[in-house]
Amino acid sequence: MQNEIEKYEIARRYKDMLRNTYRKLSDEDKDLIRKAFDLAAEAHKEQRRKSGEPYIFHPISVAQIVADEIGLGATSIACALMHDVVEDTEYTLTDIERLFGNKIAKIIDGLTKISVLNNQELSIQSENFRKLLLTLSEDIRVIIIKIADRLHNMRTLGSMPEKKQLKIASETTFIYAPLAHRMGLYNIKSELEDLSLKYTNPKDYFDIARQLEDTQKERRKYIQEFSDKISNVLNQEGLSYEIKGRPKSINSIYRKMNSQNISFDEVYDKFAIRIIYKSEPKDEKFIAWKIYSIITDIYSPNPRRLRDWIIQPKSTGYESLHITVMGPGGKWVEVQIRSERMDEIAEKGIAAHYKYKENYKVEENKVDRWINQVREILENQDNQETSEFIDNFKLNLYSKEIYVFTPQGDVISLPKGSSPLDFAYAIHTNVGDSCLGAKINGKLYPLSHELNSGDQIEIITSQNQKPKMDWLDYVKTGRAKTKIKASLNAEKRLISEEGKEILTRKLRSLKLNLDESLVNDLQTFFNEKNSQNLFLHVQNGVITNQDLKRFADKRTGVAGFLNRFRQKTNAKKKEINVKKGDILVFGEEEKKLDYTLANCCNPILGDDVFGFITVNRGVKVHKKNCSNAVELRANYSYRILKAQWVDGEKQEFETDILIKGIDRKGLVKDITDFLSSNANIEMKGLNFKSIDGVFEGNISMIIDNKSHLEKIIHGISHIDSVRKVKRSN
């Protein structure tokens with residue numbers, strides 16, 4: 001039961017949420033929200049969160065995010081307050097519909113369907129994502145409220161056990177941050193990524209956070225000095241504006257450090273400001289470029305870093321002019337220029353201009369077209385592997401955009417790296433399926449050609465053309481991939497049906513009847529991924545009559561009996577053999593299991609690692625910050641094993657280090673002398689090169705553990721002319 005202090009706190013939080021709404025609420029709106037709050041408070045009154053606090057704190061916080069940070073209206077706020085009611089309490093969807101009507105009941109139903117999937121034993125997060133996208137065809141607010149729900153869960157993740165933290169954080173990076181990005185919720189996307197990094201890679205997260213805090217005073221002073229010069233001229237021009245400092249997210253700094261192999265100090269665009277100006281809609285572009293001209297008169301621009309999303313907004317509706325200029329002291333500063341209207345869209349995303357904004361009607365915009373594309377993809381994804389579906393869909397979430405033209409001059413937005421086939425399928429499925437070639441800016445190009453912004457494309461078609469398997473290597477968009485696979489699968493299905501009939505006849509002559517059990521045995525015997533492949537290989541002769549006879553003999557003869565008996569006996573007696581020198585144990589019980597070290601990240605003794613149970617290759621050990629770790633945890637959390645190093649016999653590991661510096665005579669000798677005489681290691685490979693006075697080296701070596709490697713790196717970094725030493729995996 002809640003005590004008086006908790007009841008007071010619940011009431012206080014509710015009133016704070018109601019006071020701080022982005023939208024102005026009518027008395028009718030407030031009545032609806034109060035009714036939803038009363039029901040949620042009553043339904044959850046006996047429940048508590050893992051932290052021990054009353055459960056109702058969570059729905060109120062989600063409603064606050066929806067109301068203020070995202071900026072939706074009364075219907076969404078009410079749904080946020082009740083988002084867990086049907087899933088977690090005695091109330092039913094029928095009760096919600098009776099009390100609040102069909103519209104709210106449908107949103108609650110969408111939210112409940114997503115949550116219920118968490119109780120199923122399958123690739124939970126992948127199926128969750130698939131279900132999440134299906135709600136697009138019903139009401140976009142389902143996804144936005146779910147993003148708010150995830151944001152609050154991430155803000156309070158500290159009370160969960162470590163295994164749950166890693167699973168939820170990985171799922172957030174893999175699914176919810178990209179969705180927030182696609183909804184135009186850039187601030188929420190950045191916070192989700194930062195919070196995820198806090199749990200998936202805490203060492204780097206807190207290291208970057210500390211360095212940002214240490215340099216905060218210096219950055220503020222620099223931005224003030226930078227802005228003052230601009231303000232003086234803007235004031236002279238009589239412009240009404242506001243200048244804000246824009247901190248770079250921890251995750252974006254982390255990504256840049258890793259992708260460019262640089263240190264925190266070498267991330268050059270940590271300084272950023274935003275200029276938000278008042279303007280009538282008709283003058284927005286003129287004033288933006290006027291401010292651009294003022295800034296570039298004061299500071300020199302980097303021409304390669306100009307991004308004009310005012311003339312050509314992003315598909316999310318985002319509009320802004322981005323420039324990077326050289327500020328005082330030789331430091332690059334990014335400046336974002338936008339009107340108050342543009343800033344509202346950038347801050348609130350889809351909520352600022354979407355048609356569901358109560359009583360706000362707009363013509364079909366880019367967001368609507370994107371949602372229609374999603375629906376189309378969903379309709380054609382029945383035969384796709386879930387993880388494959390996610391990969392295809394995510395291509396359209398984070399990809400940078402290019403803008404190309406039809407022969408009539410219409411603009412088409414595509415992900416960077418798209419081909420003429422992507423363009424063809426963006427026009428129409430029939431155009432894509434019959435695409436024979438493309439004229440780009442008047443010249444004929446192959447279908448594999450990569451398009452660039454500004455290209456004008458004419459598709460050449462033929463009635464005799466059909467999609468081919470190698471087309472999948474050329475396309476970038478999820479839509480094109482889905483359509484090509486749908487066409488190929490339709491043809492495949494016809495052939496496999498024919499193969500099934502052939503197989504039925506052949507097995508009948510061997511005194512066997514084709515049923516589900518026999519199909520499973522055939523798949524295992526011939527090592528086929530699925531029944532469709534089995535039937536295809538029978539139809540095209542890959543599986544011959546002799547092969548089927550071998551199967552029949554093994555199944556019905558003495559050999560088959562002995563093999564089945566041996567398998568059953570081994571299954572009962574099977575024990576995991578521990579390799580000599582094993583120094584890893586798995587799970588809470590610290591079991592010794594057979595394992596191999598993953599090639600993608602090459603973990604060594606002392607690295608933070610985890611085990612992943614593969615389908616047929618035993619346990620693979622990955623570093624916790626492996627590039628594949630997030631996807632593995634997000635899709636297959638039930639196959640993740642806790643792993644830790646324990647004392648064992650001496651074991652050696654192979655690893656690589658990268659060295660960069662200023663070339664000089666004798667540098668290679670100094671490095672190799674140190675490695676051979678001081679570090680007591682075995683070198684497996686050396687590769688050194690010098691380009692225009694810059695030295696680069698890669699050394700493969702056998703080491704004992706992480707501590708040993710750190711001593712080697714420390715020693716090499718102190719050799720004269722060496723500027724950087726880093727482990728390469």
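Me: How do you know which elements of the protein chain are predicted with the highest and the lowest confidence?
Reply: The mean pLDDT of each element settles this: helix α15 (residues 284-298) has the highest, 95, and helix α25 (residues 558-573) the lowest, 47. The protein chain as a whole averages a pLDDT of 82, with 85% of the residues scoring at least 70. Over residues 568-581 the pLDDT is below 50, and this stretch has 11 contacts in the model beyond near neighbours in sequence.

Me: Why is Lys-620 called buried?
Reply: Buried means under 20% relative accessible area, and Lys-620 has 18%, so the residue falls on the buried side of that limit. Lys-620 is found in strand β15 (residues 619-623), and, leaving aside neighbours within four places in sequence, its contacts include Thr-596, Ala-598 and Phe-610. Thr-596 is 24 residues away from Lys-620 in sequence, yet the two C-alpha atoms are 5.1 Å apart in space.

Me: What makes the phi of Asn-527 and that of Ser-721 worth a remark?
Reply: Most residues other than glycine have a negative phi. Asn-527, however, has a positive value near 55°, and Ser-721 has one near 85°. Asn-527 is found in the loop between α22 (516-526) and α23 (531-539), while Ser-721 lies in the loop between α28 (706-717) and β20 (722-727).

Me: Why is Asn-527 counted as exposed?
Reply: The term exposed requires over 50% relative accessible area, and Asn-527 reaches 70%, so the label applies.

Me: Is Ser-721 buried or exposed, and what value decides it?
Reply: Ser-721 has a relative accessibility of 11%; since the limit for buried is under 20%, Ser-721 counts as buried.

Me: What makes the nonpolar surface patch?
Reply: Trp-289, Leu-306 and Ile-311 make this patch of about 250 Å². Residues of a patch must have over 30% relative accessible area, and nonpolar side chains are joined within 5 Å. Of these residues, Ile-311 lies in the loop between β4 (307-308) and β5 (321-327).

Definitions and conventions. Residues are numbered from 1 along each chain as its sequence is written. This is a predicted model: local features need pLDDT of at least 70, side-chain atom pairs count only at pLDDT 80 or more; totals for chains, interfaces and linings use all residues. Side-chain values use heavy atoms; hydrogens and water are left out. pLDDT is the predictor's confidence in each residue, from 0 to 100. Helices (H or I, at least four residues) and strands (E, at least two) are DSSP runs, numbered from the N terminus. Contact means heavy atoms within 4.5 Å. Buried means under 20% relative accessible area, exposed over 50%, partly exposed in between (1.4 Å probe, protein chains only). Patches are made of residues with over 30% relative accessible area and no salt bridge: like charges are joined within 9 Å, nonpolar side chains (Val, Leu, Ile, Met, Phe, Trp, Tyr) within 5 Å. Accessible areas come from the Shrake-Rupley method with a 1.4 Å probe; for residues, only the protein chains shown count as cover. A salt bridge is a side-chain nitrogen of Lys or Arg within 4 Å of a carboxyl oxygen of Asp or Glu.
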